[in-house]
Amino acid sequence: MGATRATHAMTALRAAVWCASRRDLGLARVPTSWDAAAAAALRTRNRRRVRAHVHSEDVVSRSKDDAAVAHAASRAPLAYASARRALEEVKRRKPHWKPQDVLCDVAKVGEGLLAVVEAWPTVRRAIAVESDEAMARLGDQLLRRGDKQDLAVRWLKSWTGVQGPFDVVVGAFAASEDVADVDARVDALWENTKDVMVLLEKGNAAGFDAVLHARTRILARGDGHVLAPCAHEGKCPLQGGSRRCRVSQRVERAQAQRLALGANRTYGDASFSYVILQKGERMKPRRVEPDPTLWEALEREGIQAGPYGQLKHSWKPHVEELLALGDRMENGTAELRSQAPFGDAVAEGGEAEATQADDERSVKRRLESAPVVQSVATELGANSEEWGRMVELPRKRSKHVRFHVCRPCKDQHGNTDFQNGELVEHILTKAKHHESKHAGYSLYRQARKSSLGDLWPFPMRG
């Protein structure tokens, strides 16, 4: 086994780790059909009264329909992006899960419900609880005018008539909407949960406190565990401090939103706190052993050197595929260079007419889209229970980067203790952690390119 082959296979592994640690939607977009229906509803209302509701929730209006349209046109896209981003964490940990039904509390105009259906098209039955009749009426109209006609949605004004349990339960912004008796609603949501419950709140201090309180309340029952963002069930290391656990998701300002706001900027940012809880006990990470002869050969080549070797239980089953990809990269005959899906200029003879930096970025994009890399990334993401999470934006300084990671503790025997968590600061320097420049997958580069809420899979010392 040549050293170059092993090097390319290691690069493929690093690409898989990068894909698994990030769950970024990029620029989130509300479905076109839903936005078109919202824009049509906006055109039927008085624009001045709707904008009054957009800029202030305390406006007194003769018509609740104005408030419903204002919410659909301005706040609903942000709520949709928040829910969609949180649900990506569920898809990371449960990549082959196919839920069939959903319950959405404080549904408003159905933006949370829409996010669930977009994440899992297998959903066929939905219950939406919304006390405001104007909101429910508009939400039903928007869903029916869109491309979700085959979805059976039942809108309820109260919890009377809810018959669970449901595969997915979503509680969105109950505290920020001043819903009465939030604790009782959280308990009811959990009792109607068959598998996964998602709670979302605004990304301010009050929203984080509400999520933390709900998390503590559910874990005290002893019949569930945290799926995300926490990697443990212990006391939150951020509790009582100035930091708060939140995520920011950029969302495209759709046609209806630009009309309602009267703004030219084509995007907005949704800041939110969330917790995803799952019924039952936490499953231990699955350990898989490959052919020992092959693994010994890899050890001789040094492919598992460094922190990537700590993740070997997840990527071991794909070693032969990674090495085969390494062969194709070494020979230069793979689809990584022979195809140009990103519009690279290819000269006669098959050589790319690009600068070295452009070529590196092109190879990196193609590498990340390779099926074997995606397979390893899916496997890594499904076994990411022990990975820490960045609770702040990396602070980029000259030749080094600093960031804090929330992760589970280790017991006296070196095993992961999911009942306790800790906040650890990492400092990565360019001199020490820039061991590889190929395709840009060094630890130093990964840290600088990471964002708030990303996973940090490497069990490094603080």
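Entry 1. I looked for H232 and found it in the loop between β6 (224–228) and β7 (247–252). Helices (H or I, at least four residues) and strands (E, at least two) are DSSP runs, numbered from the N terminus. The model is predicted, so to speak of local features takes pLDDT of at least 70 and side-chain atom pairs count only at pLDDT 80 or more, while totals for chains, interfaces and linings use all residues. Residues are numbered from 1 along each chain as its sequence is written, and side-chain values use heavy atoms, with hydrogens and water left out.

Entry 2. Is H232 buried or exposed? I noted that H232 counts as buried because its relative accessibility is 0%. Buried means under 20% relative accessible area, exposed over 50%, partly exposed in between (1.4 Å probe, protein chains only).

Entry 3. I looked up the contacts of H232 (heavy atoms within 4.5 Å). Leaving aside neighbours within four places in sequence, the partners include R215, V226, R282 and F418. I also checked W387, 155 residues away along the chain from H232: the C-alpha atoms are 10.0 Å apart.

Entry 4. I turned to cavities. A cavity is a set of points on a 1 Å grid over the protein atoms alone, where a 1.4 Å probe fits but cannot get out; lining residues have an atom within 4 Å of a point. The largest cavity has a volume of about 170 Å³, the space filled by probe spheres set on the points, which are joined across faces, edges and corners. Of its 18 lining residues, F208, P229, C230, C236 and C245 are the closest to the centre. α8 (205–221) gives the most to this lining, four residues.

Conventions
On a 1 Å grid over the protein atoms alone, a cavity is a set of points where a 1.4 Å probe fits but cannot get out, and a pocket is an open set with protein on both sides within 12 Å along at least five of seven lines; lining residues have an atom within 4 Å of a point.
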